Amino acid sequence: MMIVMNIESISEKSNAMTIPSVLITGASTGIGAAYAERFARRGHDLVLVARDTARMEALAARLHQENGVAIDIIQADLTQAAELATVETRLRDDARIGILVNNAGTAIGGSFIEQSTDDVARLVALNTTALLRLASAIAPRLAAAGEGAIVNIGSVVGLAPEFGMTVYGATKAFVLFLSQGLSLELAPKGVYVQAVLPATTRTEIWGHVGADVNTLSGVMEVDDLVNAALVGFDRRELVTIPPLPDAGQWDALQAARQAMLPNYRNEHPAERYRTVA
Ligand SMILES: NC(=O)c1ccc[n+]([C@@H]2O[C@H](COP(=O)([O-])OP(=O)(O)OC[C@H]3O[C@@H](n4cnc5c(N)ncnc54)[C@H](OP(=O)(O)O)[C@@H]3O)[C@@H](O)[C@H]2O)c1
């Protein structure tokens with residue numbers, strides 16, 4: 001079931017003409033709700049998307065009262081094609097929306113052989129397919145306008161199979177690659193694409209994987225995470241990794257990857273593969 005609600009007054013509509021609206025998925029709690037709070041404080045009208053309408057209504061009412069911004073709520077399960085399509089249509093048609101925060105995502109517990117095929121497929125549907133479809137829905141309009149931004153929430157897990165969250169990490173590796181590729185395509189057209197890679201952050205996601213976040217070390221508070229992500233956003237950083245102390249390590253990884261690129265263009269297999277059985 002899909003519910004679309006609106007909290008605004010006529011006088012606020014003029015706001016949307018100067019400051020772009022922000023559509024945030026997974027805005028009912030956690031990182032998405034913190035993004036909603038920050039962008040509302042900056043004067044952006046919002047479109048909040050998630051399944052839990054009551055939570056979004058409470059957040060919207062508070063942010064509207066505190067900041068005077070207009071807030072729409074779209075109840076949608078982004079793993080359901082028809083509900084996802086409603087959000088895609090909104091992104092295609094609503095020219096006020098200039099920023100998409102592709103944040104909705106989840107994780108599941110257990111090892112690969114313990115996870116059911118349906119559960120991993122649902123995880124991929126939310127973390128990758130929904131994110132991709134929403135980016136695809138808004139990108140042509142932003143490119144035509146020559147402005148706007150797409151923020152994709154990945155994870156450091158996408159850089160580290162060693163962390164043991166294989167399918168979740170694979171979805172987040174997809175998010176990083178997609179963001180880097182989209183940035184190459186869209187930056188020349190005036191559209192900013194940012195990948196944000198949080199590490200362990202204190203949200204409800206840990207309950208969904210059966211972990212008690214209070215037993216984990218190095219846990220970042222959600223407000224610190226989103227504040228840092230917005231510093232990266234304001235600097236137009238392509239990849240923002242809030243917990244990484246030395247940005248030079250990321251730059252070195254990218255330089256090593258790029259140094260290999262010319263070596264992929266070879267007519268013949270490498271010497272080590274030329275032995276015939
Ligand atoms: N917390 C961390 O440690 C951490 C680390 C790295 C990356 N991340 C990433 O950060 C993003 C936000 O995670 P979080 O930690 O804030 O998690 P969270 O507290 O569990 O919040 C997830 C949000 O996504 C929404 N959502 C979940 N399933 C949905 C569905 N099928 N359709 C629509 N919305 C759905 C939830 O709302 P409803 O339940 O109301 O639908 C909620 O608003 C995710 O992409 C996650 O992978 C988190």
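Colleague: How many residues line the largest pocket, and which lie nearest its centre?

Modeller: Rolling a probe the size of a water molecule over the atoms shows where empty space is left. A pocket here is an open set of points on a 1 Å grid over the protein atoms alone, with protein on both sides within 12 Å along at least five of seven lines. Lining residues have an atom within 4 Å of a point. The largest pocket is lined by 43 residues. Gly105, Thr106, Ala107, Ile205 and His208 lie nearest its centre.

Colleague: What kind of model is this?

Modeller: It is a predicted model: local features need pLDDT of at least 70, side-chain atom pairs count only at pLDDT 80 or more, and totals for chains, interfaces and linings use all residues. Residues are numbered from 1 along each chain as its sequence is written, and side-chain values use heavy atoms, with hydrogens and water left out.

Colleague: How much space lies in the largest pocket?

Modeller: A volume is the space filled by probe spheres set on the points, with grid points joined across faces, edges and corners. The largest pocket holds about 1,100 Å³.

Colleague: Which elements supply at least two residues of its lining?

Modeller: Elements are DSSP runs numbered from the N terminus: helices are H or I with at least four residues, strands are E with at least two. For the largest pocket they are helix 2, strand 3 (46-50), helix 5, helix 6 and helix 7. Helix 5 has the largest share, 4 residues.

Colleague: How does that lining divide by class?

Modeller: Ala, Val, Leu, Ile, Met, Phe, Trp, Tyr, Cys and Pro count as nonpolar, Asp, Glu, Lys and Arg as charged, and the others, Gly among them, as polar. The largest pocket has 21 nonpolar, 14 polar and 8 charged lining residues.

Colleague: What takes up the space of the largest pocket?

Modeller: A molecule sits in a pocket if more than half of its atoms lie within 2 Å of its grid points. The ligand takes the space of the largest pocket. The elements that give its shell two or more residues are helix 2 (30-41), helix 6 (166-186) and helix 7 (205-208). Helix 7 gives the largest share of that shell, 3 residues.

Colleague: Which residues come nearest the ligand?

Modeller: Near means that a heavy atom of the residue lies within 4 Å. There are 31 residues around the ligand, and Ser28, Arg51, Tyr168, Thr201 and Thr203 come nearest. By class, this shell has 13 nonpolar, 13 polar and 5 charged residues.

Colleague: Which polar atoms lie by the ligand's oxygen atoms?

Modeller: A polar side-chain atom of Tyr168 is 2.6 Å from a ligand oxygen. A backbone N or O atom of Asp52 is 2.9 Å from one. For a polar backbone atom of Gly26, the distance to a ligand oxygen is 3.0 Å.

Terms used
Polar contact = N/O pair within 3.5 Å; in protein donor to acceptor, adjacent residues only side chain to side chain. 1 Å grid on protein atoms, 1.4 Å probe; cavity = no way out; pocket = protein on both sides within 12 Å on 5 of 7 lines; lining within 4 Å.
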